[in-house]
Amino acid sequence: MNLNKILLRKGYTRIKLKKINTNHFELKATLNGVKGRFILDTGASNSCVDIKLAEKFKLKVEDSETKAAGAGATGMDTKVSNKNDLKIKKWEFHNFTIVLLDLAHVNNALTEHKAKPVDGIIGADILEKGKAIIDYKKHRLYLKKKVYKF
């Protein structure tokens with residue numbers, strides 16, 4: 001029996017990943033009913049969205065004391081948005097908090113490598129909640145179905 005069949009039987013959702021020029025995986029997700037393009041980043045502690053897209057994704061933005069760092073940038077101001085809904089294929093996560101920050105440095109790096117800019121990053125918080133398994137060879141992400149946070 002192969003990994004795919006085992007995980008589907010155990011209630012996982014299979015999500016197709018697209019490998020882009022930077023060797024990141026890209027995936028499509030729906031945040032608050034709005035479709036977007038995200039990169040998968042196992043090293044990002046929190047999932048995030050570009051702050052310029054708050055209105056597009058219907059995010060209620062609040063101030064945050066937390067500073068962000070990553071991809072060559074440090075000390076970046078962040079905002080947060082609570083009570084959001086994320087859907088990746090058939091996998092859903094309700095009432096979750098997402099970080100907002102300026103992703104210009106990420107998108108500049110992507111476009112320098114002839115990859116398209118993204119709306120955000122799916123990080124370890126989502127991967128942990130979904131009990132993620134990544135099949136690097138077949139470019140697939142598996143997330144355990146029906147995750148709710150109250």
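**Basis.** The model is predicted, so I took local features only at pLDDT of at least 70 and side-chain atom pairs only at pLDDT 80 or more, while totals for chains, interfaces and linings use all residues. Residues are numbered from 1 along each chain as its sequence is written, and side-chain values use heavy atoms, with hydrogens and water left out.

**Lysine 35.** I located lysine 35 in strand 4, residues 34-40 (strands are DSSP runs of E, at least two residues, numbered from the N terminus). Beyond the neighbours within four places in sequence, I listed Ala29, Thr30, Lys56, Phe57 and Asp119 as contacts of lysine 35 (heavy atoms within 4.5 Å). For lysine 35 and lysine 56, I noted a C-alpha to C-alpha distance of 9.6 Å at a sequence separation of 21 residues.

**Aromatic pairs.** I searched the whole structure and found four aromatic pairs (ring centres of Phe, Tyr and Trp, the last by its six-membered ring, within 6.5 Å; planes under 30 degrees apart are stacked, over 60 edge-to-face, the rest tilted). Phenylalanine 38 and phenylalanine 57 form a tilted pair, at 6.2 Å centre to centre and 50 degrees between the planes. Phenylalanine 38 belongs to strand 4 and phenylalanine 57 to the loop between strand 5 (48-50) and strand 6 (61-70), so this pair ties together parts 19 residues apart in sequence. I recorded phenylalanine 38 as buried at 1% relative accessibility and phenylalanine 57 as buried at 0%.

Notes: Helix = DSSP H or I, 4+ residues; strand = E, 2+ residues; numbered from the N terminus. Buried < 20%, exposed > 50% of the residue type's maximum accessible area, 1.4 Å probe, protein only.
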